[in-house]
Amino acid sequence: MAHKEPHPDHDLIQGEWTEKTLVEKLLEPVEKPAPRPWGVVLAVGGALTLAWLYAIFVTFVKGLGTWGINQPVAWGFDIVHFVWWIGIGHAGTLISAILVLMRQNWRDSLNRVTEAMTLFAVLAAATYPLIHMGRPQLFYWIMPYPTHIALWPQYKSPLSWDVLAIMTYLTISTLFLYLGLIPDLALLRERSKGWRRKLYGWLSLGWTGNAVHWQRYRAVYVLLAGLATPVVISVHSVVSMDFAYGLVPGWHLTVFPPFFAAGAIYSGFAMALTLIIPLRKWYRLEGVITDRHLDWMAKVTLASGLGVAYIYLLEIFIAWYAGEPAEWAQQLWRMTGPYAPYYWAMMLINVVLLQTLWFPRFRKNLTWLLIFSILANVGMWLERFVIVIISLSHDFLPGNFHLYYPTWVDWTLFLGTIGFFLFGLALFIRIFPPIAVAEMVHLFHRLRKH
């Protein structure tokens with residue numbers, strides 16, 4: 001009798017499961033009482049969100065003078081954190097779109113959390129250009145719409161590029177998240193009572209799970225994946241052109257689009273690990289978010305991080321080889337100036353510590369993986385600090401050199417967006433399943449046949 005080969009994805013669901021027990025487990029975060037750490041995250045996130053709203057109120061009432069921006073550092077923490085949050089959102093779109101087209105089944109346990117992460121990260125990022133405007137009440141002036149006086153946005157302005165990029169990214173991310181939720185919402189509709197039943201019934205759009213619904217669902221999902229795949233690369237490339245469009249030393253580089261795209265995937269997967277590892281522990285999801293899932297995520301983090309590390313070295317080479325005095329002076333300023341500790345901390349995390357992910361003993365050590373994922377986002381924050389703050393503080397004219405000192409409003413706005421991000425995710429996983437139930441049931445049946 002011929003030996004039956006195991007399915008290549010046999011270890012994506014571990015343990016003895018039936019369809020009923022698998023569904024019950026996946027719906028526990030919504031239907032069962034939340035663990036204590038969830039309440040802590042919700043409380044901390046809510047407190048930081050309130051502080052964030054207060055800092056926005058202070059900014060609107062007293063103006064941008066409450067920030068630490070100056071001349072020539074007119075873009076301070078605002079743009080640092082805008083780019084940082086946009087980058088974090090890339091893991092969700094990558095897992096949703098590209099891995100769907102590549103038919104990678106290991107995405108099924110991860111896509112829901114990362115798509116929600118993308119949504120709240122993009123919303124956090126979108127607030128920064130708005131509050132950075134001198135007259136935020138006139139934000140609609142930069143929207144691409146016709147008016148009775150034929151007023152159109154200035155498409156040569158990076159601000160308009162950011163608005164279009166955010167609108168595109170937010171639209172495709174929201175559609176992906178909502179479309180994937182519809183079968184699970186219909187399931188929850190049948191299992192819920194009261195206001196939850198009404199909510200899920202309204203959101204599920206009359207889904208019955210018949211063959212026609214599934215056929216149309218799959219077709220639209222693949223179509224959205226095809227549309228979203230270019231968005232993964234193009235959005236952060238557009239953001240990178242905010243800088244490459246300028247003549248500031250350290251910015252005027254054609255390598256910025258791939259640099260920012262690689263950095264976005266790197267920081268996005270790092271943040272996904274930061275969220276998924278605790279979620280897996282708190283809700284005891286080891287059977288559906290297995291070590292293999294985390295190992296694959298660590299490998300993608302390593303691959304994208306190597307691209308970032310390569311471009312760090314390429315930046316130094318370009319500055320030296322081009323023979324442009326201001327560019328080389330900028331590199332020396334980063335390495336030896338007053339901001340040098342930030343630069344070398346970035347290199348330590350994103351180049352040196354990254355190499356530990358080559359080794360399975362580190363990739364499979366969840367404590368180290370969690371620590372590194374947090375450090376990686378710190379490293380990417382430092383990278384944006386280096387690009388924005390250090391470059392602006394040391395331009396062509398020595399008379400313009402000026403250091404940047406963030407104020408309490410700057411720090412509160414940043415910590416507040418982190419609180420909003422955590423608060424939103426905590427609420428999301430109490431209302432909607434953090435793992436795609438329908439996708440996991442389909443995967444379960446495919447694996448059981450083998």
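## Basis

The model is predicted: local features need pLDDT of at least 70, side-chain atom pairs count only at pLDDT 80 or more, and totals for chains, interfaces and linings use all residues. Residues are numbered from 1 along each chain as its sequence is written, and side-chain values use heavy atoms, with hydrogens and water left out.

Helices are DSSP runs of H or I with at least four residues, numbered from the N terminus. Buried means under 20% relative accessible area, exposed over 50%, and partly exposed in between (1.4 Å probe, protein chains only). Contact means heavy atoms within 4.5 Å.

## Helix α1

Helix α1 has 13 residues. From first C-alpha to last, α1 reaches 17 Å, close to the 18 Å expected at 1.5 Å a residue; that expected span is 1.5 Å times one less than the number of residues. A kink of about 30 degrees lies at K25, shortly before P29. The bend is the angle between axes fitted to the seven residues ending there and the seven starting there.

The buried residues of α1 include L22, L26 and V30. The buried set packs against α6, α7, α15 and α16.

## Helix α7

Helix α7 spans residues 194-203, with R196, Y200 and L203 buried. They sit on the same side of α7 because they cover an arc of only 65 degrees around the axis, taken from the directions from the axis to the C-beta atoms. Cover comes from α1, α6 and α15, among others. The face turned away carries exposed W195, K198 and W202. Just after α7, L205 takes a positive phi of about 60 degrees.

## N350

N350 lies in helix α12 (residues 340-352). Its relative accessibility is 0%, so N350 counts as buried. Its side chain makes a 3.2 Å polar contact with that of Y266. A polar contact is a pair of N or O atoms within 3.5 Å; within protein, one must be able to donate a hydrogen and the other to accept it, and residues adjacent in sequence count only if both atoms are side-chain atoms. Beyond four places in sequence, the contacts of N350 include G305, A376 and M380.

## Salt bridges

A salt bridge puts a side-chain nitrogen of Lys or Arg within 4 Å of a carboxyl oxygen of Asp or Glu. The count is 12. K25 pairs with E28 at 3.4 Å. R218 pairs with E439 at 3.0 Å. R218 lies in α8 and E439 in α16, so the pair ties together parts 221 residues apart in sequence. E24, E31 and R191 form a network of salt bridges.

Note on methods:
Helices (H or I, at least four residues) and strands (E, at least two) are DSSP runs, numbered from the N terminus.
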